[in-house]
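Student: Could you walk me through some side-chain contacts? I'd like to learn how to read them.

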Amino acid sequence: MKQDRQHLIRSLRGRRSKGEDEYAKPFFKWAGGKSQLLYEFDSRFPHSLETDALVRYIEPFVGGGAVFFYIAQLYPIKESVICDINPELILTWRVVKQDVTALIRLLSDLQEMYDTRDEALQLDLFYQIRDDLNRQKPSFDYETYGSHTIKRASQLLFLNKTCFNGLFRLNSRGEFNVPFGKYKNPNIVQEKNLIRASHLLTHTTIIQGDFTTCLEYVTSSSFVYIDPPYRPLNKTSSFTAYSQEGFSEQDQIRLMNFFRAVDKAGAKVMLSNSDPRNENPEDHFFDDLYQDYVIERVLAKRFINSKGDKRGAINELIIRNYQE
């Protein structure tokens with residue numbers, strides 16, 4: 001099991017070696033992804049996750065899904081529930097689950113279109129697809145699943161693989177606004193990984209909505225991992241913009257009430273968040289908010305920053321309702 005964990009963590013981090021390609025990993029690159037913290041998380045997962053005592057895994061802010069892929073492939077859970085408020089993200093998860101072959105076909109077409117162009121025409125293709133995606137958003141039918149859904153998922157994945165830093169970011173109008181990344185040979189299709197991910201999603205319920213939507217799925221045999229948009233480290237931090245609604249301090253308080261409700265339901269629950277004491281040692285926002293629970297600080301690297309000298313080790317909070 002230890003070797004399996006090491007291989008999977010390396011795969012989730014994008015550091016492939018022999019024997020590691022057999023795992024499914026996130027198909028969306030996601031700012032704030034948790035692959036770098038899986039070693040820290042794994043030692044703090046409830047011990048009962050290794051038995052059949054916990055049969056349902058729930059993740060209310062799934063994002064790119066690094067923790068979901070890790071748990072679903074290494075632990076004997078029977079079903080998962082993943083949720084996110086971002087309709088574009090959830091749309092793509094649903095297409096990977098339901099129509100991966102059609103999605104791969106569209107991505108292959110986009111790969112060929114990209115690869116046969118010079119850089120100037122690649123840039124034109126990128127902005128053409130980005131503009132098309134944003135132009136359709138106000139009238140796009142997210143409720144009805146169909147060929148338009150699959151096409152939009154292919155556009156989103158194409159942009160995610162070819163935009164700057166592989167980010168997913170929306171402006172206040174809900175428009176995708178990341179610029180072109182100038183990659184020479186991006187792997188847009190990732191066929192084998194998408195197929196593995198699709199198989200892994202067979203017993204997974206996918207929900208688009210507020211995190212509170214997950215509460216109805218929580219039982220005493222559930223493990224809930226919560227990875228919300230972070231409370232900004234400082235006033236200039238901007239990477240909470242994964243949805244146009246943002247995530248305020250009032251939302252953080254609502255989340256604490258959700259955490260408490262999950263605890264009262266008898267489930268195991270773990271939450272991660274940025275540590276405000278990285279910037280202000282006197283800021284005890286989360287220490288006060290979760291004072292009734294287990295709070296730990298672990299080191300994490302800040303990869304997403306416009307300035308290279310700001311990418312360093314910082315404390316991250318891990319909060320649990322159990323001691324094991």
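Tutor: We'll take charged pairs, then aromatic rings. This is a predicted model, where local features need pLDDT of at least 70, side-chain atom pairs count only at pLDDT 80 or more, and totals for chains, interfaces and linings use all residues. Residues are numbered from 1 along each chain as its sequence is written, and side-chain values use heavy atoms, with hydrogens and water left out.

Student: How many salt bridges does the structure hold?

Tutor: Side chains of opposite charge can pair when their charged atoms come close. The cut-off for a salt bridge is a side-chain nitrogen of Lys or Arg within 4 Å of a carboxyl oxygen of Asp or Glu. Here there are 15 salt bridges.

Student: Which residue forms a salt bridge with lysine 34?

Tutor: That's aspartate 227, with the closest N and O atoms 3.3 Å apart. The pair links distant parts of the chain, 193 residues apart: lysine 34 is in the loop between α1 (2-12) and α2 (38-42), and aspartate 227 in the loop between β4 (222-226) and α9 (249-264). Helices (H or I, at least four residues) and strands (E, at least two) are DSSP runs, numbered from the N terminus.

Student: Is lysine 34 buried or exposed?

Tutor: Buried means under 20% relative accessible area, exposed over 50%, and partly exposed in between (1.4 Å probe, protein chains only). Lysine 34 has 5% relative accessibility, so it counts as buried. Aspartate 227, at 15%, is buried too.

Student: Where do arginine 44 and glutamate 296 lie?

Tutor: Their side chains meet in a salt bridge at 3.0 Å, N to O. Arginine 44 lies in the loop between α2 and β1 (56-59) and glutamate 296 in strand β6 (residues 294-301), so the pair ties together parts 252 residues apart in sequence. Arginine 44 is buried at 14%, while glutamate 296 is partly exposed at 23%.

Student: And the rings: how many aromatic pairs are found in the whole structure?

Tutor: A pair of aromatic rings is described by the distance of the centres and the angle of the planes. Rings of Phe, Tyr and Trp (its six-membered ring) pair if their centres lie within 6.5 Å; planes under 30 degrees apart are stacked, over 60 edge-to-face, and the rest tilted. The search finds 27 aromatic pairs. One of them, phenylalanine 28 with tryptophan 30, is edge-to-face, at 6.2 Å centre to centre and 85° between the planes. Both phenylalanine 28 and tryptophan 30 are buried.
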